[in-house]
Amino acid sequence: MKKRIGILTSGGDTPGMNAGIRAVVMAADAAGFSVMGIRKGYAGLIEGRIERIKTEDVDGIVGKGGTILKTARCPEFKTEEGRQKALQVLRAFDISGLVVIGGDGSFAGARILSHLGIPTIGIPGTIDNDLAYTDYTIGFDTAVNCVIEEMSKIRDTMDSHERVGVIEVMGNKCGDIALYSGLTGGAEHIIIPEVEFDLDYICDRILAARIKGKMTSIVLIAEGAGKGESVANYMREKAGLDAKAIVLGYLQRGGAPSESDRLRATRMGIRAVDLLSRGIGNRVVGVRDRYVIDEDIDEALSKEIIFPKELYQEFLIMSENKR
Ligand code: ADP
Ligand code: F6P
């Protein structure tokens, strides 16, 4: 294989993407490969927005949020014509191996490119943690840390007014951000898509807690389970609770990556280059337990997410303890 690797970031940005880019560039340099940075994901690939990215370009970016390569969602890449254009561009730039940092959508694109003959490696970059083959995706840990920090500030003001704070968090169809943040940040209730919920029951529990003197509750709702505003409205109208909805939104996707995200991104970036340098493509990199792993992309994408029931049970114990 020729000694030129391409790299792009795609889908929603995540803290830690830059740490991944840095690792790929530095590991490639160490292995004698040059790296071409493709701007704005598959859109930039189709448009040929590509330039050499050197180690000096990644100096000091390990702790920087966002992605220096920018990102995009590109419907054109889902068409045969778009993909053929992308292929021509890759050939024109002599890129014979590609690293894609993104979520499951971006991986679907990576799989297609691999099948079209460009060895491609996926690095999981999404705050949603919704890829079954890996314990963690890059950005998830930082997003959870953001939620628990904001939650604590919201609790201060909810406490002063004896209100219920209904905090809507991201995660697409996955409840992991709400579940992990609820467990570690001390939410009284969580509403996630994986578990059926009963708003009347939650209202009853909040009212019962108030009778015993606990006047404030935090309810975390994952966006995949519904809207925070509707839940707060329901609580006000049906239970007379002074409930306020807060949508955390893009706060969860910005800011400096946590140590865990930097570490995982760095280690996965190094593994991606190791695979490409051996001419291996069509794989995704991840972490299981504390090990960096890689797996066939078709197998990885066909796996179903297993809901972490034990974490949910632990959340129930911890939220029970508060009453
Ligand atoms: P994420 O990678 O975070 O899941 P998206 O689902 O928005 O984000 O996907 C990012 C991009 O990946 C899309 O805009 C598109 O260019 C590409 N993509 C998504 N799904 C496919 C698919 N089935 N085939 C080819 N490309 C895809
Ligand atoms: O996939 C990451 C994510 O932040 C989801 O949690 C959220 O549903 C979505 O992206 C938001 O996308 P956009 O950046 O298009 O608003």
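# Exercises on helix packing, a parallel sheet and selected residues

The buried residues of α7 pack against β6 (164–169), β7 (189–191), β8 (217–222) and α8 (228–239). This is a predicted model, in which local features need pLDDT of at least 70 and side-chain atom pairs count only at pLDDT 80 or more, while totals for chains, interfaces and linings use all residues. Residues are numbered from 1 along each chain as its sequence is written, chains are lettered from A and ligands numbered from 1 in the order in which they are written, and side-chain values use heavy atoms, leaving out hydrogens and water.

## Exercise 1: helix α7

Check the span of α7, then find which of its residues are buried and how they are arranged around the axis.

Step 1. Helices (H or I, at least four residues) and strands (E, at least two) are DSSP runs, numbered from the N terminus. The expected span of a helix is 1.5 Å times one less than its number of residues. For the 13 residues of α7 (residues 199–211) this gives 18 Å, and the end C-alpha atoms are 18 Å apart, which agrees.

Step 2. Buried means under 20% relative accessible area, exposed over 50%, and partly exposed in between (1.4 Å probe, protein chains only). In α7 the residues Leu199, Ile202, Cys203, Ile206 and Ala209 are buried. They cover an arc of only 125° around the axis, so they are on the same side of α7; the arc is that of the directions from the helix axis to the C-beta atoms.

Step 3. Look at the two ends. Asp198 caps the N-terminal end of α7, with a side-chain oxygen 3.0 Å from the backbone nitrogen of Asp200. Just after α7, Gly213 has a positive phi of about 105°.

## Exercise 2: the sheet and the helices across it

Step 1. Two strands pair if DSSP finds at least two bridges between them.

Step 2. The parallel strands β7 and β8 are joined by three bridges. His189 has Val219 in β8 as its bridge partner.

Step 3. Axes are lines fitted to C-alpha atoms, for helices over the stretch in contact (heavy atoms within 4.5 Å), and angles run from 0 to 180 degrees between N-to-C directions.

## Exercise 3: helix α1

How many of the 14 residues of α1 are buried, and what covers them?

Step 1. Helix α1 (residues 17–30) reaches 20 Å from its first C-alpha to its last, close to the 20 Å expected.

Step 2. Ten of the 14 residues are buried, so α1 is largely enclosed by the rest of the structure. Among them are Met17, Asn18, Gly20, Ile21, Val24 and Val25.

Step 3. The cover of these buried residues includes β1 (4–9), β2 (34–38), β3 (50–53), β4 (97–102), β5 (120–124) and α9 (259–277). Gly32 follows α1 and has a positive phi, near 85°.

## Exercise 4: Thr71 and Ser106

Locate Thr71 and Ser106, and list what each touches.

Step 1. Thr71 is in the loop between β3 and α3. Its relative accessible area is 19%, so Thr71 is buried.

Step 2. A polar contact is a pair of N or O atoms within 3.5 Å; within protein, one must be able to donate a hydrogen and the other to accept it, and residues adjacent in sequence count only if both atoms are side-chain atoms. A polar side-chain atom of Thr71 lies 3.4 Å from the backbone nitrogen of Ser10. The backbone oxygen of Gly11 lies 2.7 Å from a polar atom of the Thr71 side chain.

Step 3. Not counting residues up to four places away in sequence, Thr71 touches Thr9, Ser10, Gly11, Asp13, Lys40 and Gly41.

Step 4. Ser106 lies in helix α4 (residues 104–115) and counts as buried because its relative accessibility is 6%. With the sequence exclusion of up to four places, Ser106 touches Ser10, Gly11, Tyr42 and Val100.
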